[in-house]
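Biologist: Can you walk me through this one? I would like to start with the metals and then go on to the helices.

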Amino acid sequence: MIAIFENTAKCLELSSADVKCSAVTRLARAVESGEFEFDPHTPVTPFGDAGRPVKPELVEPSKVPRRRLGSEAGRAALVHAICHIEFNAINLALDAVYRFRDMPRQYYLDWMSVAVDEARHFQLLSARLQSMGYSYGDFPAHNGLWEMARRTADDCLKRMALVPRVLEARGLDVTPGMIGRLNAVGDVDTVKILEVILDEEVRHVEIGSHWFRICCDQRGVDPEPTFLKLLREYFGASIRGPFNIPARMQAGFTQREMDAITSAEPYGSSSERAESFRT
Ligand SMILES: [Fe+2]
Ligand SMILES: [Fe+2]
């Protein structure tokens, strides 16, 4: 039997992307087949940096190079940016397993299944980068996703609301546009990968929606106003379009939430906009 929290912590600490992906895949297989036990005595360490390779260099979001998709280098920079998101997403899913200890058994199965999806997404994009003559680490990247993990480390409800339901949901919104731009320049290899990712990310957001609602039930709070209040607190009044409304509805957003998110000024006079999730 594998101790789930101890082994998830070990995966989190691994700094080599390849070693981390293999370890996550092994752990997720064990969890999926029921060969694990809960080890609540394994302490929850204060939130810190997860293991990651020395490169990419982390910079401010505004310093991440802009990508012109007409050139192979520009496309490689885009693939690198998404590859970096997937690397962070592995750590985010692992941290969701490791950090929050009082959730039902299915919660851990769900987030471990997300972690292994993210490892596969990373591997697909990393291989695509190699075929273009680049590697993960060749371009600077930003740390926005892990920063949101830090800001929600004290509360599973906040984590479920703001990581899967805002940041991963942003991926649902922007990926169709990227697929369109890559199709326009004939990069079918990258398109195929992004189509797989887009399809699978709907389930991740749906898992976030499900566990967000369970957290709300546990505390006797109404999910819709709770989500919208957190969105306003952390991202300002609204988030920027475009919105992939069919994918978001499939992923558990309610009509009322979508109306509030997509309306220009859902909270009265404020016109503050959230930082877009830069991919
Ligand atoms: Fe992913
Ligand atoms: Fe995901």
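Predicted model: local features only at pLDDT ≥ 70, side-chain atom pairs only at ≥ 80, totals over all residues.

Biologist: Which residues coordinate the iron ion (ligand 1)?

Modeller: The donors to the iron ion (ligand 1) are E86 (OE), E118 (OE), H121 (ND1) and E201 (OE), at 2.0 to 2.3 Å. Along the chain they follow the spacing E-x31-E-x2-H-x79-E.

Biologist: What is the geometry at the site of the iron ion (ligand 1)?

Modeller: Irregular, with angles of 89 to 157° among the four donor atoms. The tetrahedral class needs all angles between 85 and 135 degrees. For reference, ideal tetrahedral angles at a metal are 109.5 degrees.

Biologist: Where do E86 and E118 lie?

Modeller: E86 is in helix 3 (residues 72-99) and E118 in helix 4, so this pair ties together parts that are 32 residues apart in sequence.

Biologist: Are E86 and E118 buried or exposed?

Modeller: E86 counts as buried because its relative accessibility is 4%. E118 is buried too, at 1% relative accessibility. The cut-off for buried is under 20% relative accessible area.

Biologist: How far apart are the two iron ions, and what coordinates both?

Modeller: The iron ion (ligand 1) and the iron ion (ligand 2) are 3.6 Å apart. E118 bridges them.

Biologist: On to the helices. How many residues of helix 3 are buried?

Modeller: Helix 3 is mostly covered, with 26 of its 28 residues buried.

Biologist: What about the span of helix 4?

Modeller: Helix 4 (residues 105-131) has 27 residues and reaches 40 Å from its first C-alpha to its last, close to the 39 Å expected at 1.5 Å a residue. After helix 4 comes G133, which has a positive phi, near 90°. In general, most residues other than glycine have a negative phi.

Biologist: Where is F100, and is F100 buried or exposed?

Modeller: F100 sits in the loop between helix 3 and helix 4. F100 counts as buried because its relative accessibility is 6%. The C-alpha atoms of F100 and Y134 are separated by 37 Å, with the two residues 34 residues apart along the chain.

Biologist: Helix packing next. What is the angle between helix 5 and helix 6?

Modeller: Helix 5 (residues 144-151) and helix 6 pack at about 160°, and their axes are 9 Å apart. Helix 5 and helix 6 are therefore roughly antiparallel to each other, since angles over 145 degrees count as such. Their crossing is right-handed.

Biologist: And helix 8 with helix 10: what is their angle?

Modeller: Helix 8 (residues 223-235) and helix 10 (residues 255-262) cross at roughly 20°, and their axes come within 10 Å. Helix 8 and helix 10 are therefore roughly parallel to each other. The crossing of helix 8 and helix 10 is right-handed.

Biologist: R232 is in helix 8. What is the exposure of R232?

Modeller: R232 is partly exposed, with a relative accessible area of 42%. The C-alpha atoms of R232 and I261 are separated by 9.9 Å, although the residues are 29 residues apart along the chain.

Biologist: Last topic, the backbone. Which peptide bond at P56 is cis?

Modeller: The bond from K55 to P56, with omega near 10°. P56 is in the loop between strand 2 (36-37) and helix 3.

Biologist: What is omega for the bond from G241 to P242?

Modeller: Omega is near 5°, and the peptide bond from G241 to P242 is cis. P242 lies in the loop between helix 8 and helix 9 (245-250). In general, most peptide bonds are trans.

How values were computed
Residues numbered from 1 in each chain as written. Chains lettered and ligands numbered in written order. Heavy atoms only, no water. Donors = N, O, S within 2.8 Å, 3.2 Å for Na, K, Ca; no water. Helix = DSSP H or I, 4+ residues; strand = E, 2+ residues; numbered from the N terminus. Expected span 1.5 Å × (residues − 1). Tetrahedral: all angles 85-135°; square planar, octahedral: opposite > 155°, others 65-115°. Buried < 20%, exposed > 50% of the residue type's maximum accessible area, 1.4 Å probe, protein only. Axes fitted to C-alpha atoms, helices over the stretch in contact; angles between N-to-C directions. Parallel < 35°, antiparallel > 145°, perpendicular 65-115°, else oblique. Left-handed = near helix turned anticlockwise from the far one by under 90°.
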